[in-house]
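Biologist: Can you bring up the model and take me through it? I have a few questions.
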Amino acid sequence: MARALGEQLGSDWTVFHSYPWLSNRSGRMQQGESDFILLHPRGLLLLEVKGGRIAYDCDTREWAQNHHAMKDPFDQARRGLHFLWDLVGESDFVRGYAVAFPECRFLGALPPGVLRSILVDSDDLNHLESRLLPMLTDWGQGRPAPSKLEAERIRKILLPRCQFIPDLRHTLAEEERALHQLTQTQLETLTGLFSMGRLLVEGVAGSGKTLLALQRALDLAQQGQKTLFLCYNRNLALDLRAAHQRENLEFMTFHEACHQLCQRAGVAFQIGSNQDWWETAPAELLLEALDARPELRYDALLVDEGQDFRSTWWVAALSLLKHDGCPCYIFYDPEQNIYKTELDLPQFAGRFRLRQNCRNTRRIARSCQKLQSGSAVWQMHGPEGRPPQIELAANPQLALQAVQRQLRELQGNLRAEAVAVLSPYSQSKSVCAQVGNLTTDLASWRRGEAPLFSTIRSFKGLEATAILLVDVPEFDEKAATRTDVYVALTRARSELRIITSNAALADLLGV
């Protein structure tokens with residue numbers, strides 16, 4: 001029957017073969033399948049086909065197919081048409097049904113409820129179109145033929161254009177679980193390193209340096225040792241302080257430590273009028289405070305972001321310890337030296353390198369590697385993830401529209417505290433100056449009140465499930481160095497999106 005329809009019907013016929021249906025009438029699920037649905041400018045015809053040897057028992061009113069009982073094919077066709085009409089909706093044009101027995105000839109009287117005009121047998125197979133068109137006429141009953149628009153609507157209903165799109169929420173959650181497991185494994189593996197009293201730990205971005213330093217700080221504080229966790233980035237110190245309040249443990253930036261210990265020791269901390277003052281004076285004042293109040297010193301010191309510490313600070317930093325035997329661990333990454341400081345670290349006997357990235361998906365990590373200035377080799381064992389998305393925006397208006405669109409999509413899939421927008425500039429100078437529902441307050445972001453807007457440098461040391469990087473110009477020393485962009489990219493755990501006017505960046509990242 002399918003072959004005959006394909007060979008004999010003209011181009012004005014649309015044939016749907018083996019169409020499944022499922023209905024829920026009065027709370028009861030019913031399923032079935034219509035063998036053929038035929039759509040023609042004159043109307044619609046549903047055709048039920050039964051092959052093999054067909055028999056009908058007039059006494060019992062039962063049907064059989066190849067000597068096996070079967071359901072009434074005309075009733076099947078009727079039910080199929082009713083379902084189809086429910087699917088099509090409110091329409092009133094020619095429609096009907098018919099039954100075909102392509103391997104049998106019809107003889108004798110017809111069963112009740114059946115007309116010869118809706119029956120196709122083997123004698124009709126060679127002139128199907130001349131049999132089917134009269135059926136549409138007989139079923140017309142004064143109804144109009146479907147218009148072209150109506151016919152096209154029915155085609156779309158019967159063959160809808162549907163898509164199954166991976167749920168970003170589910171995908172990202174799975175990646176986050178995999179990355180967390182990787183981080184925990186790395187933490188357990190490297191815990192033995194801390195049997196050394198003093199250690200320099202160099203690690204690639206995303207290798208878990210901050211996590212390792214934090215865990216060691218928590219362990220030392222738990223043991224009753226007065227412990228100080230030092231870093232350079234103010235937001236990192238704020239974030240750690242808010243999340244990990246413990247007895248015997250303090251989190252401070254180097255400059256905060258200088259200021260606070262001077263206050264505790266009664267040493268005046270008069271801030272100078274130029275930037276150069278911050279390079280040397282706080283360290284000198286800290287030494288003065290420790291000389292005045294030696295009891296302010298600590299039993300253990302952890303330093304994160306060691307690459308940002310000036311060489312002149314290390315004497316003061318190590319003076320924070322009570323004696324040379326106190327535990328001290330310094331974590332650093334030369335690739336994240338955004339301030340171009342001289343990397344002159346203390347000379348500890350213990351040194352270790354972390355090469356396994358456990359923060360980023362592999363595709364993000366591979367893009368980050370392309371911005372490295374050195375030749376450090378990363379080991380990547382995280383989930384594959386999706387490549388970074390780069391959207392080119394030729395002017396600020398297009399960039400603003402792109403930012404708003406990307407934020408809507410990200411917020412539709414993620415909690416606010418999982419999304420951070422990074423820029424080389426402050427918000428007032430960014431394309432995001434006109435974007436509402438962003439917060440610059442780290443605590444508000446952590447509470448999930450809104451996605452965070454931050455400069456790249458202020459966000460160093462932190463991370464987020466999704467990073468949206470905006471305002472990226474050509475690399476330069478004033479706006480955004482290659483290292484700045486590298487740092488920004490490494491902050492994204494699972495989703496990285498970039499809006500830029502720099503077409504070369506897309507080529508560089510291989511996206």
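What follows is a short chat about sheet, helices and cysteines in this predicted model.

Biologist: Start with the sheet. In what order do the strands of the open sheet come?
Modeller: The order is β11-β10-β12-β13-β9-β14, 6 strands in an open sheet with parallel pairing. The edge strands are β11 and β14 (350–354), each pairing on one side only. From one strand to the next the twist averages 15°.

Biologist: How many bridges join β10 to β11?
Modeller: There are 5 bridges between strand β10 (residues 227–231) and β11, and the two run parallel. C231 has T253 in β11 as its bridge partner. Between β10 and β11 the chain passes through helix α7 (residues 234–243), and this β-α-β crossover is right-handed.

Biologist: Is β11 largely enclosed or open, and why?
Modeller: Strand β11 (residues 249–253) is largely enclosed by the rest of the structure, because 4 of its 5 residues are buried.

Biologist: And what does β9 pair with over 5 bridges?
Modeller: Strand β9 (residues 198–203) pairs with strand β13 (residues 328–332) in the parallel sense. L199 has Y329 in β13 as its bridge partner.

Biologist: Which strands does α6 lie across?
Modeller: Helix α6 (residues 209–222) lies across β9, β10, β11, β12 (300–303), β13 and β14, and runs at about 160° to β10. Helix α7 also packs on the sheet, where it touches β10 and β11; its direction makes about 160° with that of β11.

Biologist: Switching to helix pairs. At what angle do α11 and α15 pack?
Modeller: About 170°, with the axes of α11 (residues 362–369) and α15 (residues 482–490) 9 Å apart. The two are therefore roughly antiparallel to each other. I364, S367 and C368 in α11 meet Y486, L489 and T490 in α15.

Biologist: What about α2 and α4, how far apart are their axes?
Modeller: The axes of α2 (residues 73–88) and α4 (residues 148–158) are 10 Å apart, at an angle of about 105°. That makes α2 and α4 roughly perpendicular to each other. L84, L87 and V88 of α2 make the contact with R153, I154, I157 and L158 of α4.

Biologist: Last topic, cysteines. How many disulfides are in the whole structure?
Modeller: A search finds 0. Take C58: the closest cysteine sulfur, in C104, is 15 Å from the sulfur of C58, too far for a bond, as the cut-off for a disulfide is 2.5 Å.

Biologist: Is C58 buried or exposed?
Modeller: C58 is exposed, at a relative accessible area of 62%. C432, at 0% relative accessibility, counts as buried.

How values were computed:
Residues are numbered from 1 along each chain as its sequence is written. This is a predicted model: local features need pLDDT of at least 70, side-chain atom pairs count only at pLDDT 80 or more; totals for chains, interfaces and linings use all residues. Side-chain values use heavy atoms; hydrogens and water are left out. Buried means under 20% relative accessible area, exposed over 50%, partly exposed in between (1.4 Å probe, protein chains only). Two strands pair if DSSP finds at least two bridges between them. A crossover is right-handed if, with the strands pointing away from the viewer, the path from the first strand over the helix to the second runs clockwise. Axes are lines fitted to C-alpha atoms, for helices over the stretch in contact, and angles run from 0 to 180 degrees between N-to-C directions. Angles under 35 degrees count as roughly parallel, over 145 as roughly antiparallel, 65 to 115 as roughly perpendicular and the rest as oblique. Contact means heavy atoms within 4.5 Å.
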